[in-house]
Amino acid sequence: MSDLLVHLGLLLVISVAIVTLGVFFSYPDDEEAFKRLPRRLGVFLLGCATVVAIMTLIGYTTASLG
Amino acid sequence: MPLPRPRKQAGDPNVAALLTWFLPGGGHFYLGRMRTGLVGFVVVWGLYWLGLELSDGMGFEFLNKELRGPFAPALAPELGNLSGLLWQSRTYGFGLGFPRVFPESVHLGVMCTACSGILNIFLMIKAHADARHLEEPVLGQLPLSLACFFAWVVPGGGHYLQGRRKRGLIVFILLTGIFVLGTWLSEGSNLDRQRHFYYWGGQLMGGMPVIGLEQFFGQPVVSHEIKYAEAGLALASLAGLLNILAILDVYGWGERSALRAMSGDPLPASSSTIPEVKA
């Protein structure tokens, strides 16, 4: 299996844990917490993707070693 | 059973918690609960003393030379027991300035000192709650500090004992699963404080699964490159750190529940509003 897929899989696993614990902490009611989970997970992954995009862009431009 | 009326605080909760941080049991002495204070002191400081004996006080010598500094040990779990940490720093510090052979029981010793720090945090929670009468048996609630302690011992255990079984099961599967996955990826190399001093501290917040696995598979000899060692280490450490969030969830729910019981409010503890209880 490619490294990229393994790392994406690990990111997904830890993202689910981080967001689940986050909604559990924010919402004492289980139903409310589960309702908020998908949207929060989406926002979290979108945020991660944005950071990756910015870092990649910087890696190829201002911080390029080439 | 008649509900108890809100009572005046036995003392300042913050002072009680701070005193316990400075000296295990100190907060309870301040609150006039001598027996609890004495038991707390003996258990928490006894564990620290045992750890120092087993490790010859060499725990901080695990730190690489470039990491050593006056505040370097302050990021370790021992910080929970401030007097223990200060005693160890002052008496043993970073050693004699030259490399020495660690005693065989050093890993068990550092586990004891670290667990002493973590136990004292739950004693601080107890002192804070006792000052506010939140752990009175008449409230019919699982004591706050005990719920938080079980949430550390087994991730999700505190939720389970509070009756939130579904949530507890999810927390257990997520956190223990990620810790085991991380340990598998790093082939057990994460289970070694000497190798990963700070990551190990985060990981230890995962409780008994971490302690148990380290006793069986800890400190492995690494003779080859482990491809996902760093990813595994990060996952295992994150699982422990996320358990702090789970412990805080248990604390928040327990506190709301106890305050509601004190004020006679029939609303379930899952409601997010915390009632005011006048002293």
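## Contact between chains A and B

Chain B brings 18 residues to its contact with chain A, and chain A brings 12. Two residues are in contact if their C-beta atoms, placed from the backbone, lie within 7 Å. The model is predicted: local features need pLDDT of at least 70, side-chain atom pairs count only at pLDDT 80 or more, and totals for chains, interfaces and linings use all residues. Residues are numbered from 1 along each chain as its sequence is written, with chains lettered from A and ligands numbered from 1 in the order in which they are written.

On the chain B side, α8 (165-185) and α11 (229-263) each supply at least two residues. α11(B) gives the most, with 9 residues. Helices are DSSP runs (H or I, at least four residues), numbered from the N terminus. This side of chain B has 13 nonpolar, 2 polar and 3 charged residues. Nonpolar means Ala, Val, Leu, Ile, Met, Phe, Trp, Tyr, Cys and Pro; charged means Asp, Glu, Lys and Arg; the others, Gly among them, are polar.

## The α1(A)–α11(B) pair

Helix α1 (residues 3-26) of chain A packs against α11(B) at about 10 degrees, with axes 9 Å apart. Axes are lines fitted to C-alpha atoms over the stretch in contact, and angles run from 0 to 180 degrees between N-to-C directions. The two helices, α1(A) and α11(B), are therefore roughly parallel (under 35 degrees).

Contact residues include Leu10(A), Ile14(A) and Phe25(A) of α1(A), and Leu235(B), Leu242(B) and Asp249(B) of α11(B). By class, this contact has 14 nonpolar, no polar and 1 charged residues.

## Domains of chain B

Chain B is assigned domain 1 (1-133) and domain 2 (140-279); the bounds come from an automatic or database assignment. Their centres, taken over C-alpha atoms, are 19 Å apart. Domain 1 of chain B puts 19 residues into the contact and domain 2 of chain B puts in 22.

Definitions and conventions:
Angles under 35 degrees count as roughly parallel, over 145 as roughly antiparallel, 65 to 115 as roughly perpendicular and the rest as oblique.
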